[in-house]
Amino acid sequence: MASPNVNPTVRRRRLGQELRRLRELKGMTAEGVAERLLVSQSKISRLENGRRSISPRDVRDLCGVYEVEDPRVVESLMQMAKDSRQQGWWHAFGDIPYSVYIGLETDADNLRVYEPQVVPGLLQTPQYAEAVISGSLPETTPEEWAKRVGVRLRRQERITTTTSPLRLWAVIDEAALCRVVGDRHLMLAQLEHLQELSKLPHVTIQVLPFSAGAHTGLSGHYAILEFPETTDSSVVYIEGVTSDLYLEKTPDVQKYTGMYEHLRAKALSTEESQRHIERIAKRYASGEPAA
């Protein structure tokens, strides 16, 4: 297992960025490098974007192509490759489809998320999380549901810890608060949980009301992750049914960042959001329709 200070996902990403830098310094294309090494161009691209595990042999071969002569640089890159092949805490839960995202979230220091359908995972109660997972994955087993709930609760430690907690800004569509997941009692507990978490200094929650009308989040859920190391570019994460999308190019990140600013402007203020959540919670408590 990796040490607590080694995040294999982030090691792969940083190593990939360095390998891309070395290639560009030589004025070479990914296609040209692939031809030299007799591998596919897609392999070089996956190595550079951190989506593929990198072996020390891959690093050695690439350093040879890029004519890296300093043995200390080569050794440093090879050590990063070794670290990137270790396992993060999430691997103890078995095969998790979104393990790349978990690795990024584990190392991020700032997360902005927009959620139109359900309460964001980091803000869910265990009961709500189980109801969401079992409802969205009806063909999987209760054991699989329990595993995913366990992963979700472990992820939540990033916002409950007192040591370098994750700064979370969540814009939640009103529909997510009015959709009855489980039953009314479960929803009441979930909204009370939201109110408690919003009191944390590093957690900001805004509600996007129905009255906001059309907005920049109509295309669906997304998250923007930022990292403490200035060399680590921000990542936009878009979850899919069969595959996920990670956007790292500056124009893409800027586009989604601008969209998020529009969402924040259309959403209720943090104080108004608190009052709105309280009103919906009272409806659940009284048996009235939530919407």
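This is a predicted model: local features need pLDDT of at least 70, side-chain atom pairs count only at pLDDT 80 or more; totals for chains, interfaces and linings use all residues.
Six bridges join strand 2 to strand 3, and the two strands run parallel.

Strand 2 covers residues 167–173. It also pairs on another side of the list: six bridges join strand 1 to strand 2, again parallel. Val 113 has Ala 170 as its bridge partner in strand 2. Strand 2 is mostly covered, with five of its seven residues buried.

Strand 1, residues 110–115, is joined to strand 4 by five bridges, and here the direction is antiparallel. Tyr 114 has Tyr 222 as its bridge partner in strand 4. Strand 4 is then joined to strand 5, residues 235–238, by three bridges, also antiparallel. In that pairing Leu 225 stands opposite Val 235.

The pairings side by side:

| Strands | Bridges | Direction |
|---|---|---|
| Strand 2 and strand 3 | six | parallel |
| Strand 1 and strand 2 | six | parallel |
| Strand 1 and strand 4 | five | antiparallel |
| Strand 4 and strand 5 | three | antiparallel |

How enclosed is strand 4? Four of its five residues, within 222–226, are buried, so the strand is largely enclosed by the rest of the structure.

**His 215**

His 215 sits in the loop between strand 3 (203–208) and strand 4. Is His 215 buried or exposed? Its relative accessibility is 15%, so it counts as buried, the cut-off being under 20%. Leaving aside residues up to four places away in sequence, His 215 touches Tyr 114, Asp 173, Leu 208, Leu 263 and Lys 266. Tyr 114 is the residue that bridges to Tyr 222 in strand 4. The side chain of His 215 also reaches the backbone nitrogen of Gly 217, at 2.9 Å. Met 259 is 44 residues away from His 215 along the chain, yet their C-alpha atoms are separated by 8.8 Å.

**Two positive phi values**

Most residues other than glycine have a negative phi. Leu 38 has a positive phi of about 60° and is not a glycine. It lies in the loop between helix 2 (30–37) and helix 3 (41–48). Leu 38 has a relative accessibility of 77%, so it counts as exposed.

Ser 164 also has a positive phi, near 45°. Its place is the loop between helix 9 (157–160) and strand 2. Is Ser 164 buried or exposed? Its relative accessible area is 60%, so it is exposed; the cut-off is over 50%.

**The chain as a whole**

The chain has 13 helices and six strands. Its C-alpha trace spans about 70 × 40 × 35 Å along the principal axes. Of its 291 residues, 48% count as buried.

Contacts reach across the sequence. Among those with a separation of 6 or more, 74% come from residues 24 or more positions apart. Charged side chains number 37 positive and 39 negative. The centres of these two sets lie 2 Å apart.

Technical notes. Residues are numbered from 1 along each chain as its sequence is written. Side-chain values use heavy atoms; hydrogens and water are left out. Buried means under 20% relative accessible area, exposed over 50%, partly exposed in between (1.4 Å probe, protein chains only). Contact means heavy atoms within 4.5 Å. Lys and Arg count as positive and Asp and Glu as negative; His and the chain ends are not counted. The place of a charge is taken as NZ of Lys, CZ of Arg, CG of Asp or CD of Glu. Two strands pair if DSSP finds at least two bridges between them. A polar contact is a pair of N or O atoms within 3.5 Å; within protein, one must be able to donate a hydrogen and the other to accept it, and residues adjacent in sequence count only if both atoms are side-chain atoms.
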